Amino acid sequence: MSTHAEDDVIAPISVEDSPASSPVAPAPNADRAVASRTRAFDTPRLARQFADQGAFLYLEDFLAPEVTAQLIQSAHGLLDEVNRNYLPGHKQGGSVSRHTIDRLAPFIAELYRSKELIGWLEQLSGDKLQLSPADDPHAYALYYYTRAGDHIGWHYDTSYYDGRRYTLLLGVIDESSCRLDYELHTRNPDVPDQPGSVQIPPGGLVFFDGDKLRHRITPAGANEMRVSLTFEYVTDANMRPWRRLISNMKDAIAYFGFRQVFRQMTHRRKDRA
Ligand SMILES: [Fe+2]
């Protein structure tokens, strides 16, 4: 049930406000921009906080301003590429997969691969992190909440990989009432569940172990717009074939559409032929 989002009704943006109408800013150096922020943090303290919160961390102000500006520009520029999905009772919204990002917003791919970023996330999680495989559309993706009722219901970012799956959410645009509601410690019988809720401003960060954090995005109101960027890192990129099938079907139906998800597989088959 996916449609193109060209007919999305989005609140008009004045010429002065619109990053898309500004001259295109040159992309910053991802590693340098990340390092400029992370070296100012007390990372061991943040790592303790991450562990104490059951593998969850929220930072209101993470990205360097030039990175946030670049992401906002890309989010506006990719509006025509948004694939919309509606799963009654679970999800309504739009997304742009890594395949489209690779073609049209390569800075995002560079940020995803930033050694500075990955090294810092490794310090937080205590795990050695790997990039998600090339055919995983979640590796990096933009999520759009542009119509009244756009939301994602309660879920975990379940790992279909043999290892853990970490999610990094970066706030890009938030002209909305959407909140990330979450519950910590739900998988730990020794610690009471702890509910929480945050709004992620542009440049804000949420980092968590997908199998441990129960979470949702609350519905957008009328004339609201929210865009978040998600990065996925894994500790073991191997995935058993039957899990691969479940994961691909879920992605095709709930997120990116069959063409995006299975295109990569078709290409691989052709390569082997
Ligand atoms: Fe999620």
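Leu180 stands opposite Ile217 in strand β12. In this predicted model, β12 spans residues 214–217 and pairs with both β9 and β7.

**Strand β12 and its partners**
- Strand β9, residues 180–184, runs antiparallel to β12, and 4 bridges join the two.
- Strand β7, residues 151–155, also pairs with β12 in the antiparallel sense, over 2 bridges.
- Ile217 of β12 is the bridge partner of Ile152, and Ile217 also stands opposite Leu180.
- The covered face of β12 carries His215 and Ile217, whereas Arg214 and Arg216 lie on the uncovered face.
- In a regular strand, side chains alternate between the two faces of the sheet.

**Helix α1**
- Helix α1 covers residues 30–38, and its buried residues are Ala30, Ala33, Val34 and Arg37.
- These residues lie on the same side of α1 because they cover an arc of only 95° around the axis.
- An α-helix has 3.6 residues a turn, so residues three or four places apart point the same way.
- The buried residues of α1 pack against α3 (65–77), α5 (106–112) and α6.

**Helix α6**
- Helix α6, residues 115–125, has Leu117, Trp120, Leu121, Leu124 and Ser125 buried.
- Their arc around the axis is only 130°, which puts them on the same side of α6.
- Gly126 follows α6 and has a positive phi, near 75°.
- Helix α6 is also one of the elements against which the buried residues of α1 pack.

Key:
Residues are numbered from 1 along each chain as its sequence is written. This is a predicted model: local features need pLDDT of at least 70, side-chain atom pairs count only at pLDDT 80 or more; totals for chains, interfaces and linings use all residues. A residue is buried if 20 or more other C-beta atoms lie within 10 Å of its own, exposed if 12 or fewer, and partly exposed in between; C-beta atoms are placed from the backbone. Two strands pair if DSSP finds at least two bridges between them. The arc is that of the directions from the helix axis to the C-beta atoms. Two residues are in contact if their C-beta atoms, placed from the backbone, lie within 7 Å.
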